[in-house]
Amino acid sequence: MRVAIIGTRGYPYVYSGYETFIKELVERLVKKDVEVVVYCHRNLFSKRPKKVNGVKLVYIPTIETKALSQLVHSSLSMIHASFSKADVIFAVNSANGPFGMISRLFGKPTAINVDGLEWLRPKWKGLGAAYFKWASRQATKWYDAIINDADEMRRIYLDLFGRDSEVIAYGGNIKYSTQPDLINEWGLTAHEYYLIVGRFIPDNNWGIMIEGFRKSRTKRKLVIVGDVPYRDDYSANLKKLAEIDDRLVFTGLVTNRDAVAELFHNAYVYMHGHEFGGTNPTMLEALSFGSAIIALDTAFNREVLQNGKYGQFFDKDEESVCSLINDIDNEKDLVLGMKDISREGITDKYNWDCITDQYIQVFQEICKN
């Protein structure tokens, strides 16, 4: 079977959850004798080998603007893939929903992973939000298979657009601590800090978590890992809080993945505020690395944490965060117990090998139809 993949920045370029997902998937597909072609953003690669780790690569140019880069690239990639020998085209990102018309025109079986509720994210306002919702609806009309990564997202798509979808979750890789001294770079002591990891954007609710932490009585630190590649008032105002509360530690973007893993391993508690989307990769990292987790109470977070089996929940307000931290701060035995069972949350549903087999099954099914 030959599979063409569009909608990411490329391979092995790892920048976000999509690229990590593609890396984990394609390397396993190749081992199962699936021929894989990944379409890459030409401008992001100074060296352009035709094949890496058995994965064939096609470099497509695009218009280098924030609004149009991915859309132009995906449309050109879809046209190219439709003329190729691919048996199946696999797209990621609901923004690529309308391009299913192209593959449908050429009779190419095509699947799409639509990801989360992009139209609800604060960063997409007005026209951007309207486009994402329209594009998501278009995906349900033109693609042979719709894939969501959470049962709750499947329900939403069924209710909103009247189209059922396959549920194939994102995966996690179990990892244990091997270099605990890596946290020394930030002057940290194991189990003496809370942790936040992700992007500095409003829908991850960092402001609520940070202010809730500041109101709490804990003497532990709060380590905030991540940043945005631009300056904005939201992130700048939160970073200023470190000047008045020495418990706050902003690390910025940490590119050493081993260091990130150790920050998870050695944190007292990981705090997760992601609000939109389905199965969140950072949440699975926290489980995979053995973290005790407190999370924003959403249907998606409850699904991953199995309604509290692998974590506790706070409401979307500072007082709820503060109250939970005050409760859990002196419950070290409880927290250690949460850590002990955390990795058990990475069930077959979140196992990359099982996930790869599910994708192969979907690809085979749409080839038959």
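**Charges, burial and salt bridges**

Reply: The protein carries 46 positive and 47 negative side chains, and the centres of the two sets lie 7 Å apart. Here Lys and Arg count as positive and Asp and Glu as negative, while His and the chain ends are not counted; each charge is placed at NZ of Lys, CZ of Arg, CG of Asp or CD of Glu. This is a predicted model, in which local features need pLDDT of at least 70 and side-chain atom pairs count only at pLDDT 80 or more, whereas totals for chains, interfaces and linings use all residues. Residues are numbered from 1 along each chain as its sequence is written, and side-chain values use heavy atoms, with hydrogens and water left out.

Me: What radius of gyration does the protein have, and what would a compact globule have?

Reply: The radius is taken over C-alpha atoms, and the globule rule is 2.2 Å times the number of residues to the power 0.38. With 369 residues, this rule gives a value near 21 Å for a compact globule, and the protein agrees, because its own radius of gyration is 21 Å.

Me: Is K50 buried or exposed?

Reply: K50 sits in the loop between β2 (35-41) and β3 (51-52), where strands (E, at least two residues) and helices (H or I, at least four) are DSSP runs numbered from the N terminus. Buried means under 20% relative accessible area, exposed means over 50%, and partly exposed lies in between (1.4 Å probe, protein chains only). Because its relative accessibility is 71%, K50 counts as exposed.

Me: Which residue forms a salt bridge with D87?

Reply: A salt bridge is a side-chain nitrogen of Lys or Arg within 4 Å of a carboxyl oxygen of Asp or Glu. For D87 the closest N and O atoms are 3.5 Å apart, and the partner is R2. D87 lies in the loop between α2 (69-83) and β5 (88-92) and the partner in strand β1 (residues 2-6), so the pair ties together parts 85 residues apart in sequence, with the partner being R2.

Me: Is E19, which meets R9 in a salt bridge, buried or exposed?

Reply: The side chains of R9 and E19 meet at 3.2 Å, N to O. R9 counts as partly exposed because its relative accessibility is 28%. At 3% relative accessibility, E19 counts as buried.

Me: How many salt bridges are there by this rule?

Reply: E211, R214, D245 and R247 are linked in a network of salt bridges. By this rule, the count comes to 24.
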